Amino acid sequence: MSDTPILRIAGLSVALPPGADRAHAVHELSLDLHPNRTLCVVGESGSGKSLAALAVMGLLPPEVRAVAGTIELEGQNLLALPERAMRRIRGRRIGMVFQSPMTGLNPVMRIGDQIAEQFRFNGRDLGVDPRRRGIELLDSVGLPEPAKLLDTYPFRLSGGQRQRVMIAMALALEPSVLIADEPTTALDVTTQVQILKLLRELQERHRLAVMFITHDFGVVSEIADEIAVMRHGELVEHGAASRVLEHPVHPYTKQLLAAVPSLEPPPRAPVKAPIVLQAQALQKTYRSRDRLFGRHREVAALRNVDLAIRRGEVLGLIGESGSGKTTLGRVIVRLLQADSGSITIDGTEVSQLPRRQYRPYRKRVQMIFQDPFSSLNPRRTVGQIVAEGLLAHGMPAAQAHARAREFLRIVKLSEQAAERYPHEFSGGQRQRIGIARALALEPDILVADEPVSALDVSVQAEVLELFEEIRVRLQPAMLFITHDLRVAAQICDRVAIMRRGEIVEEGPTAAIFATPRHAYTQELLAAVPGKSQPVLGHSAPRPVLPIVAEIEPT
Amino acid sequence: MAIMYRLLRHKGAAFGAAVIALVVILAAAASILYPAGPFEMVGGTFEPPFQHAYPLGTDGLGRDVLTSIVYGTRVSLLVAVVSTVVAVTIGLLVGAVSGYFGDRLDDLLMRITELFQTIPSFIFAVVLIAIFTPNIGSIVAAISIVSWPPVARLVRGEFLAIRHREYVEAAVVLGVSTPRIIFVEILPNVISPVVVLASLMVANAILLEAGISFLGLGDQNLMSWGYMIGEGRSTIRDAWWLSVFPGIAIVVTVLALNLIGDGLNDALNPRLARGVRA
């Protein structure tokens with residue numbers, strides 16, 4: 001344990017405006033940051049972890065206020081400082097890295113100018129040459145050709161590169177404290193590994209005290225020296241990383257740790273049922289055309305993709321952003337039309353059917369969407385949302401609404417939910433509504449596009465359990481699209497790894513996870529955060545359910 | 001009904017709503033209050049206002065100015081409301097089709113919309129009325145024809161934004177028919193900005209109608225505010241009240257509608273409401 005803390009948060013309370021669901025966003029929080037150590041603040045959405053960080057930066061939104069406690073930076077109480085003085089602390093003494101690398105940089109300013117701004121407002125007296133320092137900084141965060149990069153605009157950079165630029169900017173004035181709010185959440189796993197490594201290197205080089213906010217225990221186990229677990233604005237557990245991970249005391253910590261899906265696939269017998277969905281040689285290229293001059297850009301999203309799913313089987317489609325996995329899902333539910341190739345359902349070729357003739361097949365192929373907020377129409381009641389598909393396929397209204405209620409019960413929502421509007425539900429409940437909507441038509445094929453990615457871990461575990469139940473009870477052929485290998489390990493019978501529009505490897509989940517053959521699969525598996533941490537990851541409890549059709553066939 | 005509540009808490013909107021309510025009552029009660037009608041010559045010519053019999057005076061033919069203003073509310077409201085309803089309907093249809101289907105159809109519809117937008121709306125309306133015979137029907141038609149393009153543009157933009165929301169895609173995957181997706185899934189989500197725009201269009205239509213009547217292109221059988229100002233214009237130095245009172249009626253009504261539009265905007269987009277209205 002090193003010396004005196006550089007930043008001390010003591011008894012901090014942040015009040016929410018009246019009418020919020022609780023009085024304090026953060027309640028009597030006390031934490032210390034030490035040089036050259038990383039404190040991970042872990043919590044689910046609404047735990048107050050981000051507001052605590054913003055309080056340190058003096059960047060709380062106007063409607064919330066720090067009402068009690070102190071935040072001392074080397075003995076100076078930041079909460080008592082006027083805005084002018086706080087401005088000299090930000091950047092110079094405390095740097096911050098935000099979550100979204102896509103919106104964190106100004107799209108119409110060159111990288112070099114954005115870095116130079118740091119010096120313009122903060123370092124006039126430092127006498128630095130912004131260009132030389134800019135090159136140094138970009139070099140230090142491992143970006144190639146820094147001199148050239150200074151003159152480019154952010155849109156030319158990938159997400160990971162942008163996050164590196166943001167880190168370089170946060171460190172431009174050599175602060176002693178770095179606050180990182182979910183800095184890798186929006187990144188692909190392979191990029192995440194690199195950014196975490198970079199943060200650790202920089203920390204050692206500059207003896208930074210890092211406050212790292214995250215919801216991901218995998219990431220925590222990779223970088224934390226200390227862990228603070230927050231829930232509903234309160235600190236529930238705090239201690240050395242190894243102690244908290246291996247011997248959690250608070251039930252909530254235990255629950256969070258248990259909710260992280262294991263990377264170890266449970267044994268599953270190969271599914272022998274007949275093939276329901278088969279896709280062959282699917283091709284899809286996106287073309288954007290400049291209408292005036294006829295120039296165009298092409299991106300091949302699908303190149304010769306083949307897949308087949310049997311009844312009751314879950315095929316995991318794994319890939320990073322831009323791999324074409326979402327395009328493939330959309331082509332299968334026919335939100336997009338492939339350029340060529342065939343899709344057959346129970347042996348019938350459907351991809352070339354005209355719209356009108358395809359309509360009966362709509363009922364058989366359903367989709368579950370990623371975002372539980374934008375996937376439900378805010379102006380319609382939950383009952384209307386779930387019944388809509390049944391009505392579209394000609395079921396009388398009374399019957400459709402009765403069935404909608406039945407399916408709400410199957411996804412473990414009360415029947416009264418039917419009368420309410422989506423905004424009255426939490427993210428996990430909304431995702432259940434989306435699942436009920438897809439199930440109501442009793443589809444033979446279910447495409448789930450990152451259905452648990454937007455959910456907190458504990459909610460994610462519940463929804464995964466629901467998927468397991470659906471698999472057993474309703475036995476659809478399921479295409480489960482995900483970027484999360486832990487989730488894939490738990491739910492999928494087989495997995496297909498996708499990269500740049502191609503399926504590079506495919507096989508039974510256990511086999512692929514145990515002995516990945518393709519270099520890219522190996523890279524992906526190696527990048528899973530917390531893989532070396534045995535305490536992480538418990539297999540989802542297998543619900544033991546009789547395989548009976550509880551739903552009367554229509 | 002939370003929206004009504006929020007709207008009436010907005011002071012400007014509450015005032016606007018009160019004014020419009022009064023105007024509507026006057027329009028409805030005109031023939032009870034003044035059964036003789038606005039064209040009846042009741043008193044001496046050019047009687048100044050604030051006398052006993054005719055509080056707002058009389059005109060060159062001895063017609064009561066107050067009676068004329070009260071009857072004028074009928075024409076103004078009728079023309080404004082009907083033309084706005086027609087314009088919003090055209091705009092919604094064009095915008096919805098354009099935004100939902102996109103591509104070539106969108107290009108075509110938007111070029112047509114632009115064609116309408118390139119001609120100054122008042123002059124365009126005057127030309128249209130001059131081509132038809134000037135009566136209340138052609139005035140409504142002309143105002144509708146010049147007013148729909150902004151609605152179409154607004155609705156198109158909203159449709160483009162919502163078209164690719166996941167709930168719309170979910171409806172497509174469920175097999176919901178296209179008209180139902182447009183009208184049941186998307187339209188209710190674009191209606192709030194349209195309502196705000198419509199309240200401002202009513203105000204604009206009142207001004208257009210007044211302008212048209214002022215030029216003498218109005219319906220000769222109906223008393224309207226614009227006609228009154230047009231008639232009073234030549235004697236404005238001797239009988240100011242002939243132009244000023246109908247002018248005030250126009251200003252107050254248009255202002256009230258604008259305040260309602262403002263209030264609606266805040267009530268329907270609470271997050272955009274500017275600051276805390278203490």
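In which sense do strand E6 and E7(A) pair, and over how many bridges? Strand E6 (residues 94–97) of chain A and E7(A) pair in the parallel sense. Four bridges link them. The legends below describe close-up views of a predicted model.

**View 1. Strand E7(A) sits between covered faces.**
Five of the five residues of E7(A) are buried, so the strand is largely enclosed by the rest of the structure. On one side lie Val177(A), Ile179(A) and Asp181(A).

E8(A) spans residues 209–214. This strand is mostly covered, with six of its six residues buried. Ala209(A), Met211(A) and Ile213(A) point one way from E8(A). Val210(A), Phe212(A) and Thr214(A) point the other way. Strand E3 (residues 38–42) of chain A runs parallel to E8(A), and five bridges join them. Strand E7 (residues 177–181) of chain A also runs parallel to E8(A), joined by five bridges. Find Val210(A) in E8(A).

**View 2. A strand, a helix and a strand in chain A.**
Three elements make up this unit: E7(A), helix H7 (residues 189–206) of chain A and E8(A). Together they form a β-α-β unit. Is the unit right-handed or left-handed? The β-α-β unit is right-handed. The two strands of the unit, E7(A) and E8(A), run parallel.

**View 3. An open antiparallel sheet in chain A.**
Four strands form an open sheet in the order E2-E1-E4-E5 (chain A). Their pairing is antiparallel. Which strands lie at the edges? They are strand E2 (24–33) and strand E5 (76–77) of chain A, each pairing on one side only. Strand E1 (residues 7–15) of chain A and strand E4 (residues 65–73) of chain A are joined by seven bridges. Those two strands run antiparallel. One pair to pick out is Ala10(A), which stands opposite Thr70(A) in E4(A).

**View 4. Chain B, built from helices.**
Chain B has ten helices and zero strands. From the N terminus on, its elements read α-α-α-α-α-α-α-α-α-α. Along the principal axes, its C-alpha atoms fill a box of roughly 75 × 50 × 30 Å. The chain has 278 residues, and 43% of them count as buried. Now take the contacts in chain B with a separation of 6 or more. Residues 24 or more positions apart account for 69% of these contacts.

**View 5. Helices H3(B) and H4(B) pack together.**
Helix H3 (residues 65–101) of chain B packs against helix H4 (residues 103–118) of chain B at an angle of about 145 degrees. Their axes lie 7 Å apart. The crossing is left-handed. From H3(B), the contact uses Val94(B), Val97(B), Ser98(B) and Phe101(B). From H4(B), it uses Asp103(B), Leu105(B), Asp106(B), Leu109(B), Met110(B) and Thr113(B). By class, the residues of this contact are six nonpolar, two polar and two charged.

**View 6. Where chain B touches chain A.**
Here 15 residues of chain B are in contact with 21 residues of chain A. On the chain B side, H7 and helix H8 (178–214) each supply at least two residues. H7(B) gives the most, with eight residues. The chain B side has eight nonpolar, three polar and four charged residues.

Leu174(B) belongs to helix H7 (residues 166–174) of chain B. Why does Leu174(B) count as buried? The reason is that 24 other C-beta atoms lie within 10 Å of it, and the cut-off is 20 or more. Leaving aside neighbours within four places in sequence, Leu174(B) is in contact with Arg362(A), Glu388(A), Gly389(A), Ala392(A) and Leu441(A). Leu66(B) is 108 residues from Leu174(B) along the chain. The C-alpha atoms of these two residues are separated by 60 Å.

Notes:
Residues are numbered from 1 along each chain as its sequence is written. Chains are lettered from A and ligands numbered from 1 in the order in which they are written. This is a predicted model: local features need pLDDT of at least 70, side-chain atom pairs count only at pLDDT 80 or more; totals for chains, interfaces and linings use all residues. Axes are lines fitted to C-alpha atoms, for helices over the stretch in contact, and angles run from 0 to 180 degrees between N-to-C directions. A crossing is left-handed if the near helix is turned anticlockwise from the far one by less than a right angle, and right-handed if clockwise. Two residues are in contact if their C-beta atoms, placed from the backbone, lie within 7 Å. Ala, Val, Leu, Ile, Met, Phe, Trp, Tyr, Cys and Pro count as nonpolar, Asp, Glu, Lys and Arg as charged, and the others, Gly among them, as polar. A residue is buried if 20 or more other C-beta atoms lie within 10 Å of its own, exposed if 12 or fewer, and partly exposed in between; C-beta atoms are placed from the backbone. Two strands pair if DSSP finds at least two bridges between them. A crossover is right-handed if, with the strands pointing away from the viewer, the path from the first strand over the helix to the second runs clockwise.
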